[in-house]
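Thanks for coming, everyone. Have the model open and follow along as I go.

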Amino acid sequence: MYAAVDLGSNSFRLHIGEPIAGQIHLVRTARDPIRLAAGLGPDNVLGLEAQATAVRTLRDFSAILRQYRLEAVRVVATNTLRVARNAEAVLPRLEEAIGYPIEIISGEEEGRLIYMGVARALGGRREQRLVIDIGGGSTELIAGFGDEIHLVESFSTGTHPQSAAYFRGGRISADAFQTSVNAARARFEDLAGQYRNHGWEAAYGSSGTIRAINEVIARNGIGDGTMSYASLLALRDRLVKLGHVDAFDLMGVKRDRVIVMVGGLSILIGVMQELGVKSMTAINAGLRLGVLSDLELRANRQDRRDLAIQDCMRRFGVDAGRAARTANIARKLFDRLAPQDDAVAHHLVRGAMLHEVGLSVSHTGAHKHAAYIVEHADLPGFTSREQRTMSCIVLGQKGNLRKVREALGAPDLAKAVLALRLAAAFMHARVDGDVDAIKVRMKGKIEIETPKGWLGQHPTVADWFEKESAAWGDVGVAFQVTQG
């Protein structure tokens with residue numbers, strides 16, 4: 001069984017699922033509508049009260065998780081923690097409460113996971129589709145065919161900012177609604193043409209807000225009773241006539257979610273107008289099912305992150321042979337350094353595959369360009385934290401080590417940097433086959449032992465070792481080379 005925890009801007013949600021016969025069957029779900037986005041101040045700092053509420057919810061979720069034997073748990077955070085200026089300071093409290101690392105995922109990665117969840121629920125149906133997800137702080141539009149994702153974009157508009165800006169105090173007027181729709185359309189207009197050109201046979205709405213809109217329309221017979229554009233306009237007119245969220249008298253949504261639905265409806269109407277969507281289907285699948293599906297893929301050694309590395313290499317014209325040789329040497333050396341965390345080994349190998357990506361920008365300072373690309377490129381499956389770790393290793397591949405001094409305080413990261421620096425040197429010196437004979441240790445100081453005569457056979461390596469000794473000495477680490 002796997003567990004997915006979604007720290008959304010409107011609600012925190014938990015799904016525990018078990019793969020059976022190609023489907024993921026939900027064993028347990030939990031939800032707490034904590035309205036995290038409302039805890040952001042004008043300066044985008046998450047307030048103490050919102051933090052405390054989040055901690056309480058995550059402690060409750062942790063108690064649920066402990067009741068099950070789980071193969072893997074993944075906790076993802078979306079827009080509110082993406083934009084919160086104090087997110088790095090808040091994360092340790094939240095991680096302690098839930099008992100697992102929290103990944104703040106990009107909007108694009110959120111969109112990809114949403115699409116994966118929808119595709120999984122549809123059972124591999126081969127169709128051209130559009131998926132719309134309107135969350136508390138952002139809206140994702142994803143277009144694809146079957147399981148394949150062709151377009152994914154995240155837009156910084158969601159139910160909370162839309163409701164707060166245009167429906168203050170719960171008041172609903174025709175002018176406010178139209179202004180809100182126009183503001184939403186402005187967010188989508190630049191890329192709307194790409195989605196229209198892609199086309200779709202079916203459109204799906206995956207978020208809780210869209211499902212709530214669908215429920216209200218269906219249960220109250222509004223418009224034609226389906227999620228058509230005409231029905232959405234009929235619901236809008238009904239809300240405007242009521243004039244205030246407190247006057248809401250329709251079945252299908254809890255009273256405290258009415259204001260969320262109003263903001264989401266204005267965004268959905270804006271999307272449908274801008275893209276020309278005539279109707280859609282609300283589907284009970286999205287981010288959490290996507291996370292569960294991704295965990296299952298990783299367990300079956302089908303990691304999207306490896307595909308992302310290969311795609312990035314092709315995009316920037318990386319020499320695959322050189323990259324593979326470097327990664328292979330780096331992994332061998334890293335294993336000899338007796339690391340404690342195998343996750344760092346994966347970051348090292350993937351970073352090594354991209355260590356020369358900066359050559360596509362300039363040979364001068366290529367390692368710095370590579371580090372920037374690795375940190376900021378859109379790499380499906382990776383979290384920003386993972387990309388920063390790989391970027392740090394890549395940045396440390398050559399030159400002075402002062403630029404990564406802070407990272408060297410983590411023993412396994414220091415070993416990864418050393419492994420990549422040596423691997424790059426050995427790859428340049430073409431000594432791939434002779435690396436097995438080298439011993440390397442890093443405990444307080446770096447000790448390298450080569451067989452007798454080895455340096456004579458590879459004279460350029462001696463020059464590399466001299467440079468390494470100076471670089472490591474500059475950050476207070478002794479670098480010693482002996483011959484056995």
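Let's start at a turn. Phe145 stands opposite Glu148 in strand E8. Helices here (H or I, at least four residues) and strands (E, at least two) are DSSP runs, numbered from the N terminus. Two strands pair if DSSP finds at least two bridges between them.

Before I go further, a word on the source. This is a predicted model, so local features need pLDDT of at least 70, and side-chain atom pairs count only at pLDDT 80 or more, while totals for chains, interfaces and linings use all residues. Residues are numbered from 1 along each chain as its sequence is written, and side-chain values use heavy atoms, with hydrogens and water left out.

Back to the turn. Strand E7 covers residues 139-145, and E8 covers residues 148-155. Seven bridges join the two, and they run antiparallel. Their hairpin has two residues between the strands. Which residue takes a positive phi in this hairpin? Gly146 does, with a value near 60°.

Now the other partner of E7. Strand E6, residues 128-134, is joined to E7 by seven bridges, again antiparallel. Here Val131 stands opposite Ile142. E6 and E7 also form a hairpin, with four residues between them.

Is E7 mostly covered or mostly open? Mostly covered: six of its seven residues are buried. Buried means under 20% relative accessible area, exposed means over 50%, and partly exposed lies in between (1.4 Å probe, protein chains only).

Next, single residues. Take Glu110, in helix H4, residues 107-121. Glu110 counts as buried because its relative accessibility is 7%. What does Glu110 contact, leaving aside its neighbours within four places in sequence? Its partners are Thr78, Arg82, Ile105, Ser138, Glu140 and Leu287. Contact means heavy atoms within 4.5 Å.

Thr78 is in the loop between strand E4 (72-77) and helix H2 (79-83). At 5% relative accessibility, Thr78 is buried too. Not counting residues up to four places away in sequence, Thr78 touches Asp6, Leu7, Gly8, Ser9, Ile105, Glu110 and Leu287.

Another buried residue is Arg350, at 8% relative accessibility. Find Arg350 in helix H13, residues 342-353. Arg350 touches Asp303, Arg305, Asp306, Ile309, Phe382 and Met390, again not counting residues up to four places away. Arg305 is 45 residues from Arg350 along the chain, and their C-alpha atoms are separated by 8.7 Å.

Now two loop residues. Ala21 sits between strand E2 (12-20) and strand E3 (23-32). Its phi is near 50°, a positive value in a residue other than glycine. Is Ala21 buried or exposed? Exposed, at 79% relative accessibility. Asn44 has a positive phi as well, near 60°. Asn44 lies in the loop between E3 and helix H1 (48-65). Asn44 counts as partly exposed, at 31%.

On to a helix pair. Helix H6 has residues 174-198, and helix H9 has residues 258-275. Their axes come within 7 Å and cross at roughly 40°. That makes H6 oblique to H9. Angles under 35 degrees count as roughly parallel, over 145 as roughly antiparallel, 65 to 115 as roughly perpendicular, and the rest as oblique. Axes are lines fitted to C-alpha atoms, for helices over the stretch in contact, and angles run from 0 to 180 degrees between N-to-C directions.

Who makes the contact? On H6, the residues include Phe177, Val181 and Phe188; on H9, they include Leu265, Ile269 and Leu275.

Three strands form an open sheet in the order E11-E12-E13, with mixed pairing. Why is one side of E11 and of E13 left without a neighbour in the sheet? Strand E11 (439-443) and strand E13 (479-483) stand at the edges, so each has a single partner strand. Neighbouring strands are turned by 15° against each other on average, direction ignored. E12, residues 445-450, runs parallel to E13, and five bridges join them. Helix H18, residues 459-474, lies across E11, E12 and E13, at about 150° to E13.
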